[in-house]
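Okay, thanks for coming, everyone. Let me put the model up and walk you through a few spots.

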Amino acid sequence: MSQDSATATEAARKLTGRRRREVVAVLLFSGGPIFESSIPLSVFGIDRQDAGVPRYRLLVCGGEEGPLRTTGGLELTAPYGLEAISRAGTVVVPAWRSITSPPPAEALDALRRAHEEGARIVGLCTGAFVLAAAGLLDGRPATTHWMYAPTLAKRYPSVHVDPRELFVDDGDVLTSAGTAAGIDLCLHIVRTDHGTEAAGALARRLVVPPRRSGGQERYLDRSLPEEIGSDPLAEVVAWALEHLHEQFDVETLAARAYMSRRTFDRRFRSLTGSAPLQWLITQRVLQAQRLLETSDYSVDEVAGRCGFRSPVALRGHFRRQLGSSPAAYRAAYRARRPQGVAESAATVVETMVPNQGPPSGRRGSPLSSAPVAVAAATGPGEHSLPGPDAFAPGRPALPGQRSAP
């Protein structure tokens, strides 16, 4: 029996008599995006037994009074209410309408009861915020869309947020990253319940890969959330991402947006859920990660190519966000990756990061004092990036997923 099967069997024993793992309740809220909402409906709500996919029983539940408005002004009416969750052995929260709004108390109570009675609870994308609000992620690893990961980590410091994973399986509580990663997690659930062949058959029907390699890290520094895509700040953010090799600060970004620092901070936080200084330093650290993974630059050279004033500044921020030194991170990364992977990607990085050489003697920006600023922004014990365990040689072999030990 595989490790995933053993975990599923152990969790199934905890189910109360009226709950069955193959009964899937999907919890919908008004304002939720229709794409994320449709993923579990399609995976678990269509009979594909002719293709070798075992059948699930789907219960679509309204998490609040309807009709439920969704993308494009569409209105939905859920056939069941919260009471139907009491019959489900799997409960899926596809997405939550706003990372700044608290979910309804009645829905949180229903999720807690389901979990206490042994149900498997699943949060897709921003659905992780609902699970966290219910207290179901306390002390657990979890993921969400990378852009919202810092907010999740800051608001719920007891949650071990890992924004690099496509999904995280912690046994009876599972979470996924953005839209397409919801499909990855649903396929993983089918694979856990019914094996590789069933998941493969379903993947063929959906015309998607049965397993995707890699994680969210490839998107971390170039993608923008939908909310910011049409906002004037999008141009400023894009400029910052293209010029990470230069030394600039938040005042520079505010000036490019024609805003005061205070207005810029408030606007940036409302759009991204993150303070601009915290975001900027995180992007520089992510760029440093990429260079450490894909090049042979020294740590000093990496610091200069990522806009840090000195290698000391890089080491401080790197350790705060990843829990290890740049040198230790590179060694651990190479120990778990084939040698050819880093070599094949080095050319790509060269095209992304201009050769600036070591930082000039120009006067240091306020980023030189950023270690204190980041600590103040995130708070003790909070983190927006994974700790050293996420990169240890003993990590699961399949990139893009993290399963329960």
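Predicted model: local features only at pLDDT ≥ 70, side-chain atom pairs only at ≥ 80, totals over all residues.

So, a quick definition before anything else: two strands pair if DSSP finds at least two bridges between them. Helices (H or I, at least four residues) and strands (E, at least two) are DSSP runs, numbered from the N terminus. Residues are numbered from 1 along each chain as its sequence is written, and side-chain values use heavy atoms, with hydrogens and water left out.

Start at strand β5, residues 88-93. On one side, β5 pairs with β1 (residues 20-28), parallel, over 4 bridges, and A25 sits opposite V91. β5 also runs parallel to β6, joined by 4 bridges, with T90 opposite R120. To get from β5 to β6, the chain goes through helix α3 (residues 105-116), and that β-α-β crossover is right-handed (strands pointing away from the viewer, the path from the first strand over the helix to the second runs clockwise).

How enclosed is β5? Largely, because 6 of its 6 residues are buried, meaning under 20% relative accessible area with a 1.4 Å probe, protein chains only; exposed is over 50%, partly exposed in between.

Most residues other than glycine have a negative phi. C125, in the loop between β6 and α4 (127-133), has a positive phi of about 55 degrees, and C125 is buried at 6%. Y258, between α10 (250-256) and α11 (261-272), has a positive phi of about 60 degrees, but Y258 is exposed at 77%.
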